[in-house]
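Please keep the sequence and the model at hand while reading.

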Amino acid sequence: MNYPTPRQSIAEMVRYQPNLSVKKSGRIIRLSANEGAFGPSPKAKKILSSVADEMHRYPEEDPATLAEAIGMKYNLDPSKMVFGCGSDELIMATCLAYLGPEDEAIHSQYGFIMYPMSVKVAGGIPVAAPDSNFKVNVDAILERITERTRIVFLANPNNPTGSYLSRTEVARLHREMPENILLVIDSAYAEFVVRNDYSDGSDLVDKSDNVVMLRTFSKLYAMAGLRLGWAYAPSHVINALQVVKQPFGANRVAVEAAIAALDDHDFIAKSVEHNTFWQPWTATELEKLGLTCLPSVTNFLMVRFPDAVGFTAQDAGEYLSNRGILTRGMSGYGAPEYLRLSIGTEEEMRIVVNTISSFFNHAR
Ligand SMILES: Cc1ncc(COP(=O)(O)O)c(C=O)c1O
């Protein structure tokens, strides 16, 4: 071959495939990426024009006002935060900082796919711990720890299954892990969880030296297009991530919009209330059609379709897509009999349920 080739492990990988493809015309109902149901926060939108005049300036490397606003809102120490271009950047930075060649990082069987991908890019080896009935199995993770393990990734709640581990279960995982392994608790969907026994993991960060919590403005705060995520971690981890991540990953527009979005109490309450009603409503309606939905505490559902020819998840995904409704196939996660769909507006949920109903009538 007469051209430069990437490392073999990179050449063998397939890029992240989000299914955000857009038809040229007609209405699109996009339920494939767990985005906000209502568009952006009005307060965040309003702030954008005021940032335009500063567009020529690099952003702050450590956006102090944003760290303070987050600290106030979640009762956290602003000095323990680092910001990135989405939490995706911080997942990658963690892998680059903590994995040497052939080092291992454990993720759960149906854990967020960016974990194994980022581990491979960093030259490490992803190790999958089997779930129990689509829920993270703490013992299975603990059993897979070896001398080469450097990181354990836990999405809590998890994407795409929607399940979560209680505060006690996460505490046990942490307690029984060796202290030299980093536990990354990715709480991207924390704001949607309405359960007394849930914790976002920040309490463990404050109590120990080997826990990182990841958060994002892409989900409840509905800013996925601006790309802003943050990590809450002990100072030695923050220092390592600061070296590895790009210096200006958290852009000026995103930072200002995030400060406004944190303060948009009406939008936040409306989004959580909407999800708390329409997510179970959607699950119930789909179950009336004979489908199975995994129990979810998030703004999305993983839905099982029949195995029968013409009725499969792939058939349904295509049928929906031809009608402008984008969902997410789960083949990449090794669960091809499932589709994942996010909770959109009431109208979108009614349309998706009716369209799946007509899919079954049509397929019959
Ligand atoms: C569990 C989990 N972590 C992280 C991310 C990435 O979020 P961001 O948009 O901040 O990169 C996602 C996005 O879907 C996610 O589901």
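A residue is called buried under 20% relative accessible area, exposed over 50%, and partly exposed in between. With a relative accessibility of 22%, E35 therefore counts as partly exposed. The model is predicted. Its salt bridges come to a count of 16, and some of them are described below.

**Pair R30 and E35**
- A salt bridge links R30 to E35, with 2.6 Å between the closest N and O atoms.
- R30 has a relative accessibility of 33%, so R30 is partly exposed.

**Pair R227 and D88**
- R227 and D88 form a salt bridge through their side chains, at 3.5 Å from N to O.
- Because R227 sits in the loop between β7 (211-216) and β8 (229-232) while D88 belongs to helix α4 (residues 86-98), this pair ties together parts that are 139 residues apart in sequence.
- R227 is partly exposed at a relative accessible area of 26%, and D88 is partly exposed with a relative accessible area of 26%.

**Pair E176 and R172**
- The side chains of E176 and R172 meet in a salt bridge with an N to O distance of 3.4 Å.
- E176 and R172 are four residues apart in helix α7 (residues 167-176), so about one helical turn separates them.
- E176 has a relative accessible area of 42% and is partly exposed; R172, with 25%, is partly exposed.

Conventions
Residues numbered from 1 in each chain as written. Predicted model: local features only at pLDDT ≥ 70, side-chain atom pairs only at ≥ 80, totals over all residues. Heavy atoms only, no water. Salt bridge = Lys/Arg side-chain N within 4 Å of Asp/Glu carboxyl O. Buried < 20%, exposed > 50% of the residue type's maximum accessible area, 1.4 Å probe, protein only. Helix = DSSP H or I, 4+ residues; strand = E, 2+ residues; numbered from the N terminus.
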